[in-house]
Amino acid sequence: MRPSASERIGRLVASAGSLLLAASLLAAPAPAAAAADLVADLGVAGKGGDLVTGHGRVFVAADDRIVVTDLDGEAVTTIGGLSGVTALSAPDGARKVYATLSGTHEVIEIDTATVAVTRRIDLSAYPCPSTLAQAHNRLWIGYGCGGAGEGGVVALEVRATPTLVKVGPATTRPPLVAVAGAFLAVSEPGVSPATVRLYDVNRDPGNPLGEILGDADGLPPLEDLALAYQGSAVLPVPSGAHRFDAWDTTTFDRAHAFDQKGPAGHDLAATVAASENGYYVVGGWNSAAGDAAELVVYDAATREVIYTAGHQGKALVPGSIGFYGIYTFAVLKEPGTGRMHLWRLPPAPYHSSALTLTAPAEANALKPLTISGRLTLSTGATPGAQTLELYSWLPDGTDRPFREVTTAADGTYEFTDTPPGLGAFRYRLSWPGNSWYYGAYATATVTVARYEPALIVTGPATGAVGELLEFRGTFAAEGVVYPRTTVTVSRRAVAPDGTVTTKGQKLAAATDGTFAFTDTPATAGKHTYTVTLVGSSTVKGTSTEHVVTVVEPAG
């Protein structure tokens, strides 16, 4: 007999625990906070609840503000003074978060590192933007203030000069939007029967492909809408339904169903999301009374339940499931008060990863050094392009600017760095992991000495009394930018009768390490020009000579 859903949950969770224990003997231990799920009060109530992650932080839309926490739910800051924050987007590994402001009819751009609003994009021609999906530099925004035929979807390019392109037919309510791979799915919520329109967005903001209409009775009104990995299937969440289905984006037919919840079907489907790596689908369920929530993690290929967690006294917010590394997040609301809470699941079963970082033991200040390495997965799978986080410190312990490093598809990477001074420079490169693999990190220390330049001076070998002699010099190396540097020139002239005269001058070299000087000899004889690069805290001093034989002018 085929085991029931509850039996499968018990067996798979027990098996997952055994796998996790075995993995812990072979891989780096999981963070202590990963031992259990977490529910953190966000300190806000009311509209909103959309969630995205980026730069080790969680961003939650809360009507007149965006609440920002760390991965443990501890408050980092609040972006206030906003009007009608309804939707957020941040593609995997991005340094920007975008938010729709329905009250002021605009989209704002937020830097995830500084948590500062860096740009505002006017959408007054498409008022009340309320839903949002993003792929790379393109956003799809569902807009509409409630007037019949006044809503719809607009595509927005977020490069230096934003462009807006309307996609699909007019609607009354702001449509739900989801994007993955080359597919965009659009559906107006609350409409019965519902229609999911599919678009190819590989080269065009919205090239129509067709519609998913459901079975003979059509699709019920939708609460949420998502796309499976690379857009292989549409995952609509019907309002008041006890299940949700996957619909093939090629045939537009039902592909398969996910388990019906509750002993008597009392739990209602509320939200759904697919992990970025394609390993699993997370479904959210609420009780009919709105006072209990459950998150269920399904294997995306087999649709078996691999993890389940419940919470009493609160309900899941549709569209609020998000991922960061090994964590899955969602937003809960208290019935009646609408107070929001961040819900973080412990990690589902996953494998280990390893990260190497190869750097020279010694280097020279101001000169670029090359650091390379590789991210590997314990299963032997190809990592694909992954975003690594680079932190580095000056010898006095001061933080240097944060950087991101992107791997090639096979996990290899290479980048350069230019130490600005002397001493021991420390590097730490990390990968946060994903929903199936533990993260990894690697460190290196490079001892930096003063830059040792090669000083070269060019000019004539012979000249005449009264003739202008021109000299050029350089101590440049490719890619090196020098601080303000002084060069001295000392000329020693020995006339045929043995008379010795000297002359000196100082020059300011350019930042690329070049300089020039001239001289007009007043006497014949051997003229020796000693050119000295004055050393500094980062550049080692050096000198060279150039000899010119000066003769009396002809005639």
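Glycine 151 sits in strand E12; strands (E, at least two residues) and helices (H or I, at least four) are DSSP runs numbered from the N terminus. This is a predicted model, where local features need pLDDT of at least 70, side-chain atom pairs count only at pLDDT 80 or more, and totals for chains, interfaces and linings use all residues. Residues are numbered from 1 along each chain as its sequence is written, and side-chain values use heavy atoms, with hydrogens and water left out.

At 1% relative accessibility, glycine 151 is buried (under 20% relative accessible area; exposed is over 50% and partly exposed is in between, with a 1.4 Å probe and protein chains only). Skipping neighbours within four places in sequence, glycine 151 has contacts with Tyr143, Gly144, Pro169, Ala170 and Thr171, a contact being heavy atoms within 4.5 Å. Proline 174 is 23 residues away from glycine 151 in sequence, yet their C-alpha atoms are 5.8 Å apart.

## The disulfide

How many disulfides does the structure hold? There is one, counting a pair of cysteine sulfur atoms within 2.5 Å as a disulfide. Cysteine 128 and cysteine 145 form the link, with 1.9 Å from S to S. The link is right-handed, with 100 degrees about the S-S bond. Cysteine 128 lies in the loop between strand E9 (116–122) and strand E10 (131–135), and cysteine 145 in the loop between strand E11 (138–143) and strand E12 (151–157), so the pair ties together parts that are 17 residues apart in sequence.

The two ends come with their own accessibility values: cysteine 128 is buried at 13% relative accessible area, whereas cysteine 145 is partly exposed at 46%.

Arginine 303 is in the loop between strand E24 (292–299) and strand E25 (305–312) and is partly exposed at 29% relative accessibility.

There's a cis peptide bond to look at too, from serine 192 to proline 193, with omega near -5 degrees. Proline 193 is in the loop between E15 and E16.

## Two cavities

Searching the whole structure gives two cavities of 30 Å³ or more. A cavity is a set of points, on a 1 Å grid over the protein atoms alone, where a 1.4 Å probe fits but cannot get out, and lining residues have an atom within 4 Å of a point. Points are joined across faces, edges and corners, and a volume is the space filled by probe spheres set on them. The largest cavity holds about 70 Å³, and its lining includes Gly152, Val153, Arg197 and Tyr199. E12, strand E13 (163–171), strand E15 (183–187) and strand E16 (196–200) each give two or more residues, with E13 providing the largest share, four.

The second largest cavity has about 50 Å³. Among its lining residues are Val489, Gln505 and Phe517, and strand E41 (485–494), strand E42 (500–509) and strand E43 (514–519) each supply at least two.

## The largest nonpolar core

This core has 44 residues, of which Tyr413, Leu429, Phe475, Val487, Phe515, Phe517 and Val531 touch the most other members. A nonpolar core is a set of buried Ala, Val, Leu, Ile, Met, Phe, Trp, Tyr and Cys residues joined through side-chain atoms within 4.5 Å. Strand E37 (residues 440–449) gives the largest share, five residues.

Methods
1 Å grid on protein atoms, 1.4 Å probe; cavity = no way out; pocket = protein on both sides within 12 Å on 5 of 7 lines; lining within 4 Å.
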